[in-house]
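Please keep the structure in view while reading.

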Amino acid sequence: MDFIELLKALILGLVEGMTEFAPVSSTGHMIIVDDMWLKTEEFLGMYSANTFKIVVQLGSILAVVVVMWKRLLSLVGLYKIKGQPANRKFNLIHVIVGMLPAVILGFAFKDYIDDYLFGVKPVIFSLVAGAILMIVADKFGPKRPTVTTLDKISYGQALKIGLVQCLSLWPGFSRSGATISGGVLLGLDHKTAADFTFIMAVPIMAGASLVSVMKNWQYMSMDHIGFYAIGFVSAFIFALLSIKFFLKLIDKIKLTPFAIYRIILAIVLAIIVF
């Protein structure tokens, strides 16, 4: 691959890393940037290009592991978090219950999503739909959240958040936007909902990447390895820089400012595309 093509991988990694944790849809932003300007499908092929947009998110997920390693190890009993309450500790079952709905539907509709929803036009509509849910969450969520730490989340709440997360299978809707909104409507504060979102993302995105690679292996070649590697490293570095900033920001400004940005972006894209 030539320098320009590898530069495109770096740019997509930057877009992924900087948007993965904000409720604006990293996949949607990569689709927009790629389809309108970078055109990686021309040299990767459609299925390999779509797979890249899933696999590159592993760089961001690795950043989550680096930042939240104590909490992740505590899920499997390898680390004791100071001050953790004796009752209803947040554990691996919460994560499994929360991720199962999206995993099941993701397997069922993987081909449909790849063939029909990886495009700018579907993303425009999902940006608006996700924005509406985020505004509703800020407007109608409890003024005084009852769940202010992960250890207060019930299994029922985890399942309901997981069901809302299924909306994020529509590229552009945003996994974090859906799950944080669902969490807020169920009584979680914004930061706790974001923490739960990021922890669930680790197994979900690892699994989604593995499935995507296995299903599209025949469309990839050894020439693509450098492209994937640069995108992965770029996403990891920029995600590491942005994750702590976002966790502080979301508790201060809530979801509505991100929703307004999504609507403005959708309007601009609609003017360009339609």
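## Helix packing and selected residues

The crossing of α4 and α11 is left-handed; a crossing is left-handed if the near helix is turned anticlockwise from the far one by less than a right angle, and right-handed if clockwise. The model is predicted, so local features need pLDDT of at least 70 and side-chain atom pairs count only at pLDDT 80 or more, while totals for chains, interfaces and linings use all residues. Residues are numbered from 1 along each chain as its sequence is written, and side-chain values use heavy atoms, with hydrogens and water left out.

Two packed helices are described by the angle between their axes and the distance between the axes. Axes are lines fitted to C-alpha atoms, for helices over the stretch in contact, and angles run from 0 to 180 degrees between N-to-C directions. Helices are DSSP runs (H or I, at least four residues), numbered from the N terminus.

| Helix pair | Angle | Axis distance |
|---|---|---|
| α4 (residues 46-55) and α11 | about 160° | 9 Å |
| α7 (residues 92-117) and α9 (residues 155-165) | about 30° | 7 Å |

Thr-51, Ile-54 and Val-55 of α4 meet Met-205, Ala-208, Ser-209, Ser-212 and Val-213 of α11, where contact means heavy atoms within 4.5 Å. This contact of α4 with α11 has five nonpolar, three polar and no charged residues. Here Ala, Val, Leu, Ile, Met, Phe, Trp, Tyr, Cys and Pro count as nonpolar, Asp, Glu, Lys and Arg as charged, and the others, Gly among them, as polar.

Ser-209 lies in helix α11 (residues 190-215). Ser-209 is buried at 3% relative accessibility (under 20%; exposed is over 50% and partly exposed in between, with a 1.4 Å probe and protein chains only). Leaving aside residues up to four places away in sequence, Ser-209 touches Ile-54, Val-55 and Leu-58.

The angle of about 30° between α7 and α9 makes α7 roughly parallel to α9. The crossing of α7 and α9 is right-handed. Residues in this contact include Ile-93 and Val-97 of α7 and Leu-159 and Gly-162 of α9. By class, the contact of α7 with α9 comprises nine nonpolar, four polar and no charged residues.

Ser-25 is not a glycine, yet has a positive phi of about 80°. Ser-25 sits in the loop between α1 (3-19) and α2 (26-38) and is buried, with a relative accessible area of 4%.

Conventions
Helix = DSSP H or I, 4+ residues; strand = E, 2+ residues; numbered from the N terminus. Parallel < 35°, antiparallel > 145°, perpendicular 65-115°, else oblique.
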